[in-house]
Amino acid sequence: MGASSPASGSGRLFTFGLVASWYSSNIGVLLLNKYLLSNYGFRYPIFLTMCHMTACSLFSYASVAWLKLVPLQTVRSRIQFLKIAALSLVFCFSVVSGNVSLKYLPVSFNQAVGATTPFFTAVFAYFMTVKRESWITYFTLVPVVTGVIIASGGEPSFHLFGFLMCIGATAARALKSVLQGILLSSEGEKLNSMNLLLYMAPMAVFFLLPATIFMEENVLGITLALAKEDKKIIWYLLFNSSLAYFVNLTNFLVTKHTSALTLQVLGNAKGAVAVVISILIFRNPVSVTGMFGYTLTVIGVILYSESKKRNK
């Protein structure tokens, strides 16, 4: 047996570092959102999302235009611009709804509902495209939905509005992925995730600014007044917003250096890890029924992923 080369060893170490960064940023931004919106008392989810999108706009420009991490892909037509704007609007709704739900729901239940994304993706793909899955693939969605119904019944901190917002966020996330496949399907219009974020993030700021002004009145003044009492809020917002960009960057890098399938597997495990960490940090009550429901949903998601892979 030959010894592995230093290059392959450093390659494995690099991949491990990427995966660790992906986990840290994904779970970190989720927990910090929850802390700010629920525990800290910063009850402005639209403004928080706008901060995220502003950071994504600035960092995306720096990464693509200055650092040239990926080649710049230009928007070639007005139609393509409008398609990206439509995706950005759905993206905004998804992120804002997800953040609103964190005001009312524990992270553990938020992740259980979020795990139903494949169900909504399958439903939207069925009605919006000619693509059909095998009956076995659709059958695997039964435990996905059943698990969330069980988890909802057994959730000690259940909140109807928070639950509806979380469902809305999950459905919008699925709708965005299906729409992206439809709208940007031609070779001339396809954008990699870094370039798509470069165009979507500033559009999102444009959409979120009036929503913030009308729905979260004087939020900037309130934030500045809060900063005079506790300067940590500024650092929380800056760090949280930077992490939001880092989530997108590590998503892209993990997919580039491994595969989309690896990212999917990591995503299935991430929810469970986030649930455990959030329970340890926030000490929210959990029930055996709730955990059974969540476990059933995760098993359904794994079966769905396996079924799709085999039927390709």
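Q: On a 1 Å grid over the protein atoms alone, a cavity is a set of points where a 1.4 Å probe fits but cannot get out. How many cavities of 30 Å³ or more does the structure hold?
A: Bear in mind that this is a predicted model: local features need pLDDT of at least 70, side-chain atom pairs count only at pLDDT 80 or more, and totals for chains, interfaces and linings use all residues. Residues are numbered from 1 along each chain as its sequence is written, and side-chain values use heavy atoms, with hydrogens and water left out. Grid points are joined across faces, edges and corners, and a volume is the space filled by probe spheres set on the points. Counted that way, the number of cavities of 30 Å³ or more is one.

Q: Which elements give two or more residues to the lining of the largest cavity?
A: The largest cavity has a volume of about 70 Å³. Its lining residues (an atom within 4 Å of a point) include Ser-108, Phe-109, Ala-112, Gly-290, Met-291 and Tyr-294. Helices are DSSP runs of H or I, at least four residues long, numbered from the N terminus. The elements giving two or more residues are helix 4 (107-114) and helix 13.

Q: How many residues of the lining of the largest cavity are charged?
A: Asp, Glu, Lys and Arg count as charged, while Ala, Val, Leu, Ile, Met, Phe, Trp, Tyr, Cys and Pro are nonpolar and the others, Gly among them, polar. The lining has seven nonpolar and three polar residues. Glu-155 is on the lining list too, and the charged count is one.

Q: Which helix gives the most to the lining of the second largest pocket?
A: A pocket is an open set of points with protein on both sides within 12 Å along at least five of seven lines, and this one holds about 350 Å³. Of its 18 lining residues, Ile-46, Val-96, Val-100, Ala-211 and Met-215 lie nearest the centre. Helices 2 (45-66), 3 (78-104), 8 (160-183) and 9 (193-215) each supply at least two lining residues. With eight residues, the one that gives the most is helix 3.

Q: Is Glu-306 buried or partly exposed?
A: Glu-306 meets Lys-309 in a salt bridge, 3.1 Å from N to O, and both lie in helix 13 (288-310), about one turn apart. Buried means under 20% relative accessible area and exposed over 50%, with partly exposed in between (1.4 Å probe, protein chains only). Because its relative accessible area is 31%, Glu-306 is partly exposed.

Q: What is the nearest side chain of opposite charge to Lys-270?
A: Lys-270, in helix 12 (260-282), is buried yet has no salt bridge. Lys and Arg count as positive and Asp and Glu as negative, with His and the chain ends not counted. The nearest side chain of opposite charge is 17 Å away, and that is Glu-155.

Conventions: A salt bridge is a side-chain nitrogen of Lys or Arg within 4 Å of a carboxyl oxygen of Asp or Glu.
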